[in-house]
Amino acid sequence: MKNQEAIIQSLMEQLWQNYCQRVSYAHAYADMVLAKGGQVVNDHCAFRTFNTFTGEQKAGIIAISEVLESLGYVKIAPYSFPSKHLNSFHYQHPTNINFPKFFVTQLEVAELPSETQALINEAVASGEDALSGDARNYLSELAQAKELSDDKAEVLVTALVKFFGRPWKPAKKSTILEVNKISQFAAWTLLHGNSVNHFTAYINYQKVDGWDDIESTMKALEEAGIPIKPAIEGAKGSKLRQSSTQAVDELCPVIEKDGSEGELLWSYAYYELAERNYIEQDGQQVWFDGFLGEQATNLFEMTKR
């Protein structure tokens, strides 16, 4: 039998491995940390989605929330980004601090211009439910029983890895280019779907001599030839400081004007780094575990094309 934590561990290992294969900067960071005797701990990972009809997949945050809550995660706090038509939720495991937090953001498609809405809705209407059949039954069983037999757990993890990909067919190239004029978030999500948008190194736990804070870590990455974000979000000593590498580009499948399948070079993901500090809560000093809206907004822009 495998409990929720064992299934989370298996899923996160596979998502991390897939992500590192696509994001060379994350792989390089991990290699550097391990070579210096440190440890790679991820503070959080992030996902993007659409709040609209997406075929067989449930709409927006609901689809991803169902998965996370079945795995034992708890929805902690909402965040709103009105100027970008985005809403987010932060999820956290209630007992195991070694599991990364999740930051899930949905685009409120109905708030966009009608022409953009139509393009997005047409592109995502073919969405498939990667959890259909046995996998969805096993997800429900896990939520209730908190464990699954080994064979059921294997089926579920395989389906979940597929779920965290693009559920709809490739979009038209013209759709990507038009939608990008209104929302780079939308263009990215059309191309990558539920794929991991980024993982985030937890600087406080990396335990590398000389890499005592986010400044020294970013400097080491830059000296190693990894392109980084020029600025660090958050003042020194503040409760949350964040930066990142630049995003890697990928050739993404799209449909050309003549109906043939082509490719479009587009940004995929960056590797974020976060340093957390103490805050006072109920008279005690505790780690700040939340997120800051303004900083998150600036990091959204790292995938701008």
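## Exercise 1: Aromatic pairs

A search of the whole structure finds 16 aromatic pairs, where rings of Phe, Tyr and Trp (its six-membered ring) pair if their centres lie within 6.5 Å, with planes under 30 degrees apart called stacked, over 60 edge-to-face and the rest tilted. This is a predicted model, in which local features need pLDDT of at least 70 and side-chain atom pairs count only at pLDDT 80 or more, while totals for chains, interfaces and linings use all residues. Residues are numbered from 1 along each chain as its sequence is written, and side-chain values use heavy atoms, leaving out hydrogens and water.

**Task.** Describe the pair formed by the rings of Trp16 and Tyr271.

**Solution.** 
- Step 1: the ring centres of Trp16 and Tyr271 are 5.8 Å apart and the planes stand at 50°, so this pair is tilted.
- Step 2: Trp16 belongs to helix α1 (residues 4–22) and Tyr271 to the loop between β10 (261–267) and β11 (272–276), so the pair ties together parts 255 residues apart in sequence. Helices (H or I, at least four residues) and strands (E, at least two) are DSSP runs, numbered from the N terminus.
- Step 3: both Trp16 and Tyr271 are buried. Buried means under 20% relative accessible area, exposed over 50%, and partly exposed in between (1.4 Å probe, protein chains only).

## Exercise 2: Another partner

**Task.** Describe the aromatic pair of Tyr19 and Tyr271.

**Solution.** 
- Step 1: Tyr19 and Tyr271 are 6.3 Å apart from centre to centre, with 55° between the planes, and this pair is tilted.
- Step 2: Tyr19 sits in helix α1 and Tyr271 in the loop between β10 and β11, 252 residues apart, which links distant parts of the chain.
- Step 3: Tyr19 is buried, as is Tyr271.
- Step 4: ring pairs join Trp16, Tyr19, Tyr29, Phe199 and Tyr271 into a cluster.
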